[in-house]
Amino acid sequence: ALTEKLDAIFKKLKGRGILKEEDVDAALKEIRIALLEADVNFKVVKSFIERVRQKAIGKEILESLSPAQQVIKIVYDELCELLGGTTAKINLSPNPPTIFMMVGLHGSGKTTTSAKLARIFKKQGRRPMLVAADLQRPAAIDQLVTLGKQIDIPVFHSYEIKDPRQVCREALKKALIDRMDPVIVDTAGRMHVDEELMTELKDIKEILNPHEILFVADAMTGQDAVNIAKSFNEKIGITGVILTKMDGDARGGAALSIKEVTGKPIKLIGTGEKLDALEEFYPDRMANRILGMGDVLTLIEQAQKAYDEKEAEKLKKKIEKEEFTFEDLRDQIRKMRKMGPLENILSMLPGAHKILKDIKIDEREFVKVEAIINSMTPEERRNPKILNASRRIRIAKGSGTTVTDVNRLIKQFNEMKKLMKKMKHGKGFKLPKIFPF
Ligand code: GDP
Ligand code: MG
C-alpha cells in the first residue's frame, strides 16, 4: 500500500530528473506513518525524516528507479546506516576471562539469553561459565541452573549468599581457578527502573569490570524499551543491546529507537524460546522489517542489479578499449567492500575464529589498496605510465604505506590489464568478478 501511495505521488514526476522538495515531502509523509506504525519513537521519527529529507531533495533519480523507489531507497539506506551499518561484533578480551554482564528489566529475556550466549561460546570450543546473580527469587537461580544443565554448562550459584555482589566476587575467583572463559553474569531485573536496582547493578559492574554490558530488551515492548534503554545507558553505561522476542510480530521499531537514543549497537537478536534461537543482527534485514515492504525492496534490488549490469557493461567497454584505470579499480574495491566485513558475518560460526585471521588480512589489503589509489592524483590514476620513482615515494608517504606496497600494486594492476587484454581477444569475454591481487 505504501508503494502505491508513493507511486501516485510521484506519477507526475517521471522524467523530471531530480527529486523536488514538494514531492519528497509528500513521500516522507507516508514514510513517517509507516515508521510510527512500526512503533518507532516519534522523536526518532522526526529527526530521521528530517535527515532523509536533506539527503533526498535535489538528488538525481537513478535511471532504473522510479522516483518512489528512489525515495524508498534513500530511506532504506539511511535506516540501515542508523541501525549500525554493518553487523556489530561481540568484544572478547585478549586477557581471559571475558566478562559479560546481562542487564535489563524483569522478563526481558536476560536469563534465557545468558544461556543462549553461553551455548554459542561452548560451540566455539570455549569454556563458558554462567553466574546466577539474580537473587530476587530462588526460582531465578533454579531457572539458570536448569538451563545450564540442558546445555551442559556450569552455573555458579549459591542459595546461601544473600548479596549478589558477593556472588559475583566468588564467581570471579572460581572462574579464574577453573580457567573458565567467558563468564556470563545474569543479573536481577525489576518491573521498572528503580534506584535500588541501579545501585545494585552499579556495584556489580564495579566488582566485575565487565567487557560487555549487554542490555537485553524485549522487542515487543516498543516505546517503553526506549526510555528504559536510555536510563540504563545513562546510569550504568551499556556496550550493546540484545533484542529478544523478535520471533513475535514486533515490527522492530524498538531496534531503531534504542540505537538512536543510546548510540549503542544492537549486537544480537533472540528469535525464540529455544536455546539455539540467538542470531546476529543484520541492519538491512531489520530495515526491511521496519519498513514492512520486502516486495518493494526486491524491486529496488532488481533495479539496482540492472543498474549494476549497466555499469558492468560500461566497464567492459573500457576494458575493450584498454581504458581501465586505477579509478575503475577503486570503484570495484568500494563496491566489494560495501558488502561488509566478512569477518563479522563469520565470527558467530563455530570454529570460525581460527580462520578469521586470514580474512582480516584480506580486509586490510583492500584498505591499503584504496589508500594508495586515493593518494594518487587523478592524472596518475588515469595514466599510470607517469608513475615514476618520485611520484611513487610521494604516494607511499601520502597513503601511509611503503614504496614496496605501491610498486606491488602498480605491478599487479599492469598484470591485470594484460590479463584483460588477453581475455578481450579470447572467445566468451567474461568480466572477472574479483580482481586478482
Ligand atoms: P528475565 O526475567 O529477563 O531473565 O527473562 P527470562 O529469560 O526469564 O525470559 C522471560 C520469558 O521470555 C521466558 O518465558 C522466555 O522463554 C521468553 N523469551 C526469552 N527470549 C525469547 C525470545 O527470543 N523469543 C521468545 N518467543 N521468547 C523468549
Ligand atoms: Mg531472569
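Let's start with M101, which sits in strand β1, residues 99-103. M101 is buried, with a relative accessible area of 0%; buried means under 20% relative accessible area, exposed over 50%, and partly exposed in between, using a 1.4 Å probe and protein chains only.

Before I go on, please keep in mind that this is a predicted model, where local features need pLDDT of at least 70, side-chain atom pairs count only at pLDDT 80 or more, and totals for chains, interfaces and linings use all residues. Residues are numbered from 1 along each chain as its sequence is written, chains are lettered from A and ligands numbered from 1 in the order in which they are written, and side-chain values use heavy atoms, leaving out hydrogens and water.

So who surrounds M101? Setting aside neighbours within four places in sequence, M101 is in contact with V185, T187, L201, I204, K205, L208, P210, E212, I213 and L214, where contact means heavy atoms within 4.5 Å. Take L201: 100 residues separate it from M101 in sequence, yet their C-alpha atoms are 9.3 Å apart in space.

Now the whole chain. There are 18 helices and eight strands, and 48% of the 437 residues count as buried. Among contacts between residues at least 6 apart in sequence, 75% join residues at least 24 apart.

Next, a helix pair. Helix α9, residues 223-235, packs against helix α10, residues 253-262, at about 30 degrees, with the axes 9 Å apart. Those axes are lines fitted to C-alpha atoms over the stretch in contact, and angles run from 0 to 180 degrees between N-to-C directions. That makes α9 roughly parallel to α10; the label covers angles under 35 degrees, with over 145 roughly antiparallel, 65 to 115 roughly perpendicular and the rest oblique. On the α9 side, the contact uses A225, V226, A229, K230 and N233, and α10 brings S257, I258, V261 and T262.

Last stop, helix α17, residues 389-399, whose buried residues are I395, A396 and S399. Looking down the axis of α17, these fall within an arc of 100 degrees, so they line one face of the helix; the arc is that of the directions from the helix axis to the C-beta atoms. On the other side of α17, S390, K397 and G398 are exposed. Just after α17 comes G400, with a positive phi of about 70 degrees.

Definitions and conventions. Helices (H or I, at least four residues) and strands (E, at least two) are DSSP runs, numbered from the N terminus.
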